[in-house]
Structures are given as C-alpha cells and as structure tokens.
Amino acid sequence: MADQTSHGIGGLIFDKKKRAWPNEFNVFLALVLIIVLFEALGQILPYMNNQSMLFDFNEARDGTILNMARIKIIILQVAIIGIISLGVTQVIISGGIDLSSGPLVGAAAMIVMSFAQTELVNGNPNPKAVFGDWAFDLPVIAPLIVGLLFGALIGSINGFFIAFAKIPPFIATLGMFLICRGISQWWTKGQPVSFPTDQYAWIGSGMMPVVWFIGLAILLHLIMRYTVYGKHTYAIGSNEEAARMSGINVRRHKIMVYMIASMLAAFAAIVLSSKNLTAQAGMGQFYELYAIAMAVIGGVSLTGGRGSIIGTVLGAMVFGVIQSGFTYIKLDAFYQLMAMGAIIIGAVVLDQYRQQRAAAKA
C-alpha cells in the first residue's frame with residue numbers, strides 16, 4: 001500500500017499508477033515529437049543540406065529564430081479546414097458522422113460568391129457576372145446571410161433524415177455529398193465565379209482565416225464545455241437511449257448539431273472564396289476527410305461521447321505540421337496522399353485501441 005493514498009471520502013483509495021494524462025496532452029506531445037522528427041530528417045537526409053523546418057537562425061530576417069514564413073503557412077493551411085473540423089467534432093461527439101462538409105464548401109462558395117460580386121472590374125463590366133445589376137456591390141452581410149442560410153438548410157436536411165427517418169448518418173450525409181457536389185457544378189455550369197467586392201475580400205485576407213478559426217474554436221469550446229447544448233451532445237453520444245429517457249429531445253438536438261456543422265462548413269466556404277477571390281465547383285475536395293482526421297487525431301472518439309474542441313485544434317496543428325513536413329522533405333505529392341491516408345487509418349486504429357483499453361479498465 002506504499003504507493004496508495006487515502007482519498008479521504010468514503011474510504012476511497014487513490015492509486016498513482018492509474019493516473020492518466022489528458023488526451024489533449026497526449027496530442028500535444030505527439031505534435032512536439034512530429035516536429036522533432038522532421039527537424040531530425042532535415043539534418044539526416046543528405047539532400048536537405050542541414051535545413052531546419054521551423055527555425056531560422058538568421059535573426060536579421062524576422063528578429064526571431066523561428067521560421068515565421070513557414071509557421072504562417074502551416075497555420076493558414078489548417079485554418080479553413082479547421083473551421084469545418086470544429087463542426088465535425090460536435091457531430092462525432094453526438095455519435096454521428098458528416099461526409100457532406102467538403103462538397104458543401106464548393107456549393108456554398110459558388111452560391112455566396114454570386115451575391116458578393118462587384119459591378120466593375122478595371123472599369124469594365126464584370127465578365128463573370130452571374131445575376132443582373134441588382135446583385136452587384138451588395139452589402140457584405142448579404143452574401144454572409146445567404147451562405148449561412150444555405151448551410152443551415154443542408155444541415156437541417158441531414159439532421160431530419162438522420163433523426164426522423166432513422167437513416168444512418170453515413171448514408172444520409174453521403175447522399176448529401178453527391179447532391180452538394182452536383183449543386184456546385186450546376187450553379188454556373190462549372191464556370192468559376194470571381195471578382196468580389198473589397199468588403200467580401202477582406203474576410204479571408206492576410207491572417208484573417210486564422211483569426212476566424214481561433215475565435216470560433218474558443219466559442220465552440222465554451223459552448224461544448226459550459227452550456228446545456230454541449231452537455232446534451234455528450235449525453236446523446238454516450239448513450240442515446242439514456243439521454244432520451246432523461247428528457248432530452250434527441251431528434252431536435254441532432255438537427256441542431258448537423259445545422260451548426262453545415263453552417264460552419266458554409267462559413268469556411270466564405271473564408272476560402274474570399275481568400276482566393278474566386279469560387280470554383282471543385283473547392284473542398286477531401287475537406288470532409290481531413291476534418292474528420294483532425295478530430296480523430298485530436299482524441300475525438302468515433303463511437304461518440306468523448307472528445308474536445310481543444311483536442312481538435314491540436315489535431316489540426318498535427319495535421320498541418322505533417323502536411324508541411326512532407327513538403328519540407330520534398331516528398332512527392334502522390335506519396336503524400338498515400339501517407340495521409342495511412343495517417344487517417346492509423347488515427348482510427350488508435351481510437352479503437354483507446355476504446356478497448358478504456359473498456360478493459362472499466
């Protein structure tokens with residue numbers, strides 16, 4: 001009993017051997033180890049010429065030993081998909097899955113950009129105009145509302161079929177995956193939509209995607225941790241029948257979960273099209289898989305009921321560092337896709353291992 005201490009409540013015993021780090025700490029540790037690995041590869045691989053991935057010892061450039069240019073690129077790479085992953089996180093915690101978020105980005109971007117166009121381009125009529133004069137130079141709030149309403153519509157349809165028609169989330173959102181991809185291609189017959197107003201272009205300018213990502217992450221963290229909505233989401237994911245018996249309106253809540261997820265995907269489309277100053281039907285390819293991977297890497301359980309927004313943010317950083325690291329060591333694009341696929345599978349295997357280990361301790 002030398003390593004056990006009385007808790008002082010009801011004779012309970014605290015066993016130091018059974019202490020476990022929070023999942024978020026494990027993800028942070030993995031992030032550090034991955035950075036160290038790529039730094040080591042930069043020194044070991046002969047063609048890298050002793051380069052560093054995140055450090056630049058020429059302080060005269062930025063006044064710091066950090067390679068700020070690469071760090072900014074990493075953060076920008078994950079910010080937009082990270083916004084989607086925030087919505088996907090609460091969907092998975094509730095016991096569902098959302099495969100429609102990637103194509104939704106493409107469809108929402110095409111629709112929103114149509115309401116964000118400016119009338120004149122270099123003094124000439126907009127060559128990519130979708131509508132007539134009434135749709136030119138609208139206040140920036142107009143395309144924002146259109147995009148969020150479109151996201152809410154798609155999410156409510158997903159939620160309705162899952163909650164009321166009892167269609168498995170995988171099938172319902174896979175069907176919406178195809179519908180949204182079709183909408184994006186049908187909207188302008190596959191032609192890109194470009195030349196937004198300056199107000200709209202500001203939304204995704206510079207580091208604004210990172211600002212939106214961090215702001216929404218803080219908001220979603222507070223909601224999931226401290227509100228009734230968050231508690232109900234965890235309860236449904238842990239045991240849907242028990243949640244129903246305790247008085248939670250499971251059907252209504254599921255619709256809300258999918259609506260919020262789709263609205264976040266639509267907002268990601270707004271930020272992406274604003275950043276690129278154009279919208280294309282193919283936008284959002286693989287985004288749904290990357291968002292799910294970020295959540296799972298961050299410790300969100302695919303069986304529902306467990307995970308956190310903080311973990312997902314860290315998972316997004318892990319994902320971004322891996323992507324940038326592959327480019328840093330000059331890994332060919334097709335090898336990168338293979339490696340990212342292996343990482344997604346590995347994240348799911350790790351999640352299953354965590355579940356089995358937790359069940360064995362119970």
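**Exercise 1.** Is Ser262 buried or exposed?

*Solution.* Let's start by noting that this is a predicted model. Next, find Ser262 in helix H10. Its relative accessible area is 0%. Buried means under 20%, so Ser262 is buried. Now look at the neighbours: leaving out residues up to four places away in sequence, Ser262 touches Asp98, Leu104, Gly151, Ile154, Gly155 and Asn158.

**Exercise 2.** Work out what span helix H4 should have, and check it against the model.

*Solution.* Helix H4 runs over residues 141-163, which makes 23 residues. The expected span is 1.5 Å times one less than the number of residues, so H4 should span 33 Å. In the model, the end C-alpha atoms are 32 Å apart, which agrees.

**Exercise 3.** Which residues are linked in a network of salt bridges?

*Solution.* Take the pairs one by one.

- Arg244 and Glu240 form a salt bridge at 3.0 Å, N to O; both sit in helix H9, four residues apart, about one turn of the helix.
- Arg244 also pairs with Glu241 at 3.0 Å; these two are three residues apart in H9, again about one helical turn.
- Glu240 meets Lys254 at 3.0 Å. This pair links distant parts of the chain, with Glu240 in H9 and Lys254 in H10, 14 residues apart.

Put together, the network links Glu240, Glu241, Arg244 and Lys254. Finally, check accessibility: Lys254 counts as buried at 14%, whereas Glu241 is partly exposed at 45%.

Notes:
Residues are numbered from 1 along each chain as its sequence is written. This is a predicted model: local features need pLDDT of at least 70, side-chain atom pairs count only at pLDDT 80 or more; totals for chains, interfaces and linings use all residues. Side-chain values use heavy atoms; hydrogens and water are left out. Buried means under 20% relative accessible area, exposed over 50%, partly exposed in between (1.4 Å probe, protein chains only). Contact means heavy atoms within 4.5 Å. A salt bridge is a side-chain nitrogen of Lys or Arg within 4 Å of a carboxyl oxygen of Asp or Glu.
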